[in-house]
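Hello,

Here is the structure for your files. Please open it alongside this note.

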Amino acid sequence: MIEPSDFTIFSTAEYGNCFTLDLDWIKATGSGLRNGVRLVLNVERQEYLPDSSTGYGVRMVVHEKGTMPLPQNEGLTLSTEYETSIGLRMVQINRLGGKYGSCTDGEDFLKKHQLNYTVALCYTMCEISLTELECGCTPVSTPDVYDTDVSVCDIVNYTIRSCVENVNGRVLNRYVECDCPTRCSEQVYTYSFSGRKWPHEQYLYVLINEVCRSNYTQTFYTDLCERYEKYNLTDYDVKMMFGNFMAVNVYFEDLNYDLMQEEPLYNTVRFLSDIGGTMGLFTGASALTYCEILQIIVEIGIFFRNRRRQTVNNIN
């Protein structure tokens with residue numbers, strides 16, 4: 001059973017509090033929906049700020065274990081009033097690097113930022129460093145795990161906002177060299193998802209009962225639970241609670257995984273093999289040529305010898 005304390009929290013400017021589930025004891029012992037993780041979420045839409053939000057839902061990122069999620073750059077959006085099932089497949093990618101191409105193991109990045117390397121995180125850190133250098137402040141979108149003494153950019157100030165937008169555009173369009181190669185070894189998750197309308201009205205009352213048992217202190221829930229105990233829920237109450245809940249099922253479609261591995265097209269062993277084959281070809285061709293030359297010499301000698309033995313007879 002997953003507890004609230006099992007989640008680690010970090011904040012983003014766009015999505016507020018983000019919760020990461022990264023536990024060693026959670027392991028998939030089989031494929032399919034029954035062997036996955038199921039989450040029932042209450043988004044508490046009554047707490048949303050109508051002037052700063054445009055809709056209700058959850059941003060979800062499925063990422064490699066130990067890496068930092070960036071919901072503003074990756075992931076998918078889940079809607080309330082739906083049950084979404086996400087089927088995962090893992091792809092292991094191994095790149096050669098070195099003389100065969102550009103890739104990194106991320107060790108230098110880990111020592112510098114105390115975070116595991118990903119390409120998206122590298123570009124984020126590059127943008128932050130460039131903004132601090134050129135604008136003298138830290139972007140509002142900076143993850144709270146980034147340790148800095150530089151103040152946050154005042155986006156109300158037109159000059160600062162223009163500087164931040166200029167840096168963001170240059171990084172986004174790759175006008176700035178950020179030195180963010182791909183990782184030499186990484187796990188990528190591909191997914192397919194499906195959904196259905198959820199919950200139906202009878203099950204909604206089960207969810208409301210669970211909410212009321214959780215002893216919420218917000219005024220909205222205390223009033224709601226009071227009306228619920230009196231069997232006096234209004235249509236507004238039902239509509240709000242329908243819009244608060246969603247369910248998510250995350251599972252592996254197959255416990256097998258795809259391996260994409262780079263191999264050198266022409267390596268040392270193949271090079272030596274080709275040299276040996278070529279040398280063998282030339283050696284064989286040379287020996288055959290010597291035999292043919294010797295045969296020609298012998299045949300020429302026999303020809304002239306037989307010619308001297310011929311006599312000419314006069315015919316009367």
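Below is what turned up on the cysteines and their links.

The model is predicted. A search of the whole structure finds six disulfides. Counting bonded cysteines along the chain, the pattern is 1-10, 2-9, 3-8, 4-7, 5-6, 11-12.

Cys 103 to Cys 184. The sulfur atoms sit 2.0 Å apart. This link is right-handed, with 90° about the S-S bond. The pair connects distant parts of the chain, 81 residues apart. Cys 103 is in strand 7 (residues 103-104). Cys 184 is in the loop between strand 8 (182-183) and strand 9 (185-197). Cys 103 is buried, at a relative accessible area of 17%.

Cys 135 to Cys 163. The S to S distance is 1.9 Å. The link is left-handed, with -90° about the S-S bond.

Cys 137 to Cys 153. Their sulfur atoms are 2.0 Å apart. The torsion about the S-S bond is about 90°, so this disulfide is right-handed. Each cysteine lies in the loop between helix 2 and helix 3, and the two are 16 residues apart in sequence. Cys 137 is buried at 4% relative accessibility, and Cys 153 is buried at 5%.

What about Cys 18, and how far is its sulfur from the closest cysteine sulfur? The distance is 20 Å, to Cys 153, which is too far for a bond. Cys 18 is buried, with a relative accessible area of 10%.

Best regards

Notes
Residues numbered from 1 in each chain as written. Predicted model: local features only at pLDDT ≥ 70, side-chain atom pairs only at ≥ 80, totals over all residues. Heavy atoms only, no water. Disulfide = S-S within 2.5 Å. Helix = DSSP H or I, 4+ residues; strand = E, 2+ residues; numbered from the N terminus. Buried < 20%, exposed > 50% of the residue type's maximum accessible area, 1.4 Å probe, protein only.
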